[in-house]
Amino acid sequence: MNRIRELREDRDLRQIDVSKATGIDQKTLSNYETGKTFPDSYAIIRLAEFFNVTTDYLLGVSDFNFSNYDSIINEISSIEAKLNNIKTFLNKNKNDRS
């Protein structure tokens, strides 16, 4: 479960911090991170909720984390605006050359 370690380290958390917040024993978390044992469904849900990620992302099934829908929509809107600016620029230059 490398994602657990990645998520924890990205947030500058220690295993004991995650343990206290999720109710999952620190040694158990260590075993998840090293692949010695695998989390049951209860642990997967608790960890996904704590890290605010989807269970699929946590399990490595998906590289996309869609738990923060508003953030994704804002990012898409930003990309659309940038693309529209590029189209406008290209069309202006095309018309100027004619």
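## Aspartate 12, out in a loop

Let's start with aspartate 12, which is exposed, with a relative accessible area of 71%. Keep in mind as you look around that this is a predicted model. Aspartate 12 sits in the loop that links α1 (2–10) and α2. Its backbone is worth a look too: aspartate 12 has a positive phi of about 55°, even though it is not a glycine. For background, most residues other than glycine have a negative phi.

## Asparagine 52, another positive phi

Now hop along to the loop between α4 and α5 (55–59), where you'll find asparagine 52. Here phi is positive again, at about 60°, and asparagine 52 is not a glycine either. How open is this spot? Asparagine 52 has 47% relative accessibility, so it counts as partly exposed, because the exposed label needs over 50%.

## Where α2 meets α4

Next, find helix α2 (residues 15–22) and helix α4 (residues 41–51). Their axes come within 10 Å and cross at roughly 110°. That's why α2 and α4 are described as roughly perpendicular to each other. Which residues make the contact? On the α2 side they are Val18, Ala21 and Thr22, and α4 brings Arg46, Leu47, Phe50 and Phe51. Sort the residues of this contact by class and you get five nonpolar, one polar and one charged.

Helix α2 also holds serine 19. Is serine 19 buried or exposed? With 12% relative accessibility, serine 19 counts as buried, because the cut-off for buried is under 20%. Leaving aside residues up to four places away in sequence, serine 19 touches Ile24, Asp25, Gln26 and Leu29.

## Rings in the model

Time for the aromatic rings. The count of aromatic pairs comes to one. The partners are phenylalanine 50 and phenylalanine 51, arranged edge-to-face, with 4.9 Å from centre to centre and 70° between the planes. The planes count as edge-to-face because the angle is over 60 degrees.

Arginine 3 lies over the face of tyrosine 57, at 4.1 Å from the ring centre.

## Where α1 meets α3

Another helix crossing to look for is the one between α1 and α3. The axes of α1 and α3 come within 6 Å and cross at roughly 115°. That makes this pair roughly perpendicular too. From α1, the residues Asn2, Ile4, Arg5 and Arg8 meet Tyr32, Glu33 and Thr34 of α3.

## Lysine 36, past the end of α3

Finally, look at the loop between α3 (26–34) and α4, which is the place of lysine 36. Is lysine 36 buried or exposed? At 61% relative accessibility, lysine 36 counts as exposed.

Definitions and conventions. Residues numbered from 1 in each chain as written. Predicted model: local features only at pLDDT ≥ 70, side-chain atom pairs only at ≥ 80, totals over all residues. Heavy atoms only, no water. Axes fitted to C-alpha atoms, helices over the stretch in contact; angles between N-to-C directions. Helix = DSSP H or I, 4+ residues; strand = E, 2+ residues; numbered from the N terminus. Parallel < 35°, antiparallel > 145°, perpendicular 65-115°, else oblique. Contact = heavy atoms within 4.5 Å. Nonpolar A, V, L, I, M, F, W, Y, C, P; charged D, E, K, R; others polar. Phe/Tyr/Trp six-rings, centres within 6.5 Å; stacked < 30°, edge-to-face > 60°. Lys NZ or Arg CZ within 6 Å of the ring centre and 35° of its normal. Buried < 20%, exposed > 50% of the residue type's maximum accessible area, 1.4 Å probe, protein only.
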